[in-house]
Amino acid sequence: MSKDRIRRPSLLSKVVSADQAASLIHDGMTVGMSGFTRAGEAKAVPLALAARNAAHPIKITLLTGASLGNNIDKLLTEAGVLARRLPFQSDATLRNAINQGDVLFIDQHLSETVEFLRSHQMKPVDVAIIEAVAITEDGGIVPTTSVGNSASFALSAKQIIVELNSSHAAELEGLHDIYIPGKRPLRDSIPVVASNSRIGTHAIPVNPDNIAAIVLTDKFDSPASLAAPDSETIAIAAHLTDFLSNEVKQGRLSNSLNPLQAGIGNIANSVLYGLVHSPFEQLTMYSEVLQDSTVALLDSGKLVFASGASMTLSQPVADAFFPHIAKYKDRLVLRPQEISNHPEIIRRLGIIAINTALECDIYGNVNSTHVNGTHMMNGIGGSGDFARNAYMAIFVAKSTAKDGAISTVVPMVTHCDHNEHDVDILVTEHGLADLRALAPRERAKIVINNCVDPAYRDQALDYHNRALARGGQTPHVLEEAFSWHQQRAKTGSMRLS
Ligand SMILES: CC(=O)SCCNC(=O)CCNC(=O)[C@H](O)C(C)(C)COP(=O)(O)OP(=O)(O)OC[C@H]1O[C@@H](n2cnc3c(N)ncnc32)[C@H](O)[C@@H]1OP(=O)(O)O
């Protein structure tokens, strides 16, 4: 594999073991690693680092695109390697360490990490570890199933370790579009004018002298573990399809809608699946994670083009998709996450953004990240990049969690990631609240009537009526605003007796 995939002969001598490559990483370093939602992460060197830590303990700051697969975050956490982690994660062990204060987590908009790095508002990357499908004749690094932040990490790092992974099809080359915005404040506009705009190169154009080590690997990405659509997610998808159909009828959208973004997780994936049987045609996606539903939409002919920063598929879909990647390549592109999530482009293209709320409140504020306002779930990810700048910011959620013990619609969110100014539409299995151009008092009525689970509707109405008696632009009974959460802590359920 070496000569086919390392096409610059002078780099052949850089092939070393994962242990040797890991020895380049020292205590206190900032490491920038490939990987975005379990796709395309470096797999061998981080494990060598974890294994080494018992004998030679070090602590690092680890930056990635987003979450990692192959238990990398779990093993690094258990080995005590992580001092700081950013900008996103979704691993249960790391989540616990973050919530215990053992690992410091910086929950960052996914488009912003490399802007901070480039403008020296964060400590620079010492070593970049990038999974690649090939190294080109001029030393360019061809990423695998994600681009994420890999390009900027590799271009800014003092040293680069490349993990050349033979389990990825060589045909992935040509899928990526690497573009790095210029320096501010005199930056040019970013020339993406449609989902399928190609504005960059197929490989990350690094200085080959900075490639310090190449490690040969063959482990594939972890499969996404997505639950099949259930009656609630099917109902959410149906409400959304009806709503979007009406937007078409009213002449506000064409039958191809505007480019779609959909967040991670079961609910957003199921909602997109719902579009396979929708009346819409010639759909496009300008998103960050492309999940199983993207492949289903491409196969159904409903979706004509998808742009993302990573492809995160379940095992059966990956098995059917990657061997035939050549067939899809003219309908797909993978970009750096600062381009997939760039505010300028999201606003220009008029994205319809669909993300999942952990909880929302009666006025349409959304908490995507903090359970009970304190405990980190995964992070804001790209949801804020999209919600703030979208044509229409849609948040979906099941109306209850934990077998009905939690209402996901509450009087006041315990942590606010997306405030009422950014949130246009809320959808639960019970219905859809169109909050566009409504005042908070109007928003509360429609959210309570359309989205709250019937088991919680009376207590929501009671809260709101008593809040109205106190007055205000956004009325609240402040001493009771978190009483539902307190009730859950006391009794196990948010239901007030
Ligand atoms: C990489 C990217 O950025 S992609 C772009 C968008 N990014 C984001 O939106 C990031 C923030 N969003 C997320 O992390 C996820 O979408 C979540 C956590 C909000 C929802 O995840 P989903 O998998 O779609 O929903 P799901 O209903 O399965 O909920 C996940 C868990 O949260 C629990 N949960 C849901 N609501 C609540 C709540 N209000 N309080 C406590 N727990 C809750 C569920 O019970 C479930 O727990 P379990 O794993 O023990 O079963």
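**View 1. The segment of residues 11-215 and its make-up.** Over residues 11-215 the chain is 20% helix and 19% strand, with its end C-alpha atoms 12 Å apart; here helices (H or I, at least four residues) and strands (E, at least two) are DSSP runs, numbered from the N terminus. An unreviewed UniProt entry annotates residues 11-215 as "domain: Acetyl-CoA hydrolase/transferase N-terminal", and such annotations may be inferred rather than shown by experiment. The model is predicted, so local features need pLDDT of at least 70 and side-chain atom pairs count only at pLDDT 80 or more, while totals for chains, interfaces and linings use all residues. Residues are numbered from 1 along each chain as its sequence is written.

**View 2. The residues around the ligand.** The ligand is surrounded by 28 residues, a residue being near a molecule if its C-beta atom, placed from the backbone, lies within 6 Å of it. The closest are Gly-263, Gly-265, Thr-356, Gly-381 and Ser-383. Helix 9 (266-274) and strand 15 (352-356) each contribute at least two residues to this shell.

**View 3. The ligand between two domains.** Because domain 1 (2-217) and domain 2 (231-491) both give residues to the shell around the ligand, the ligand lies between them; the domain bounds come from an automatic or database domain assignment.

**View 4. The interior of the protein chain.** The protein chain has 497 residues, of which 52% count as buried, meaning that 20 or more other C-beta atoms, placed from the backbone, lie within 10 Å of the residue's own. The secondary structure of this chain comes to 18 helices and 25 strands.

Methods. A residue is buried if 20 or more other C-beta atoms lie within 10 Å of its own, exposed if 12 or fewer, and partly exposed in between; C-beta atoms are placed from the backbone.
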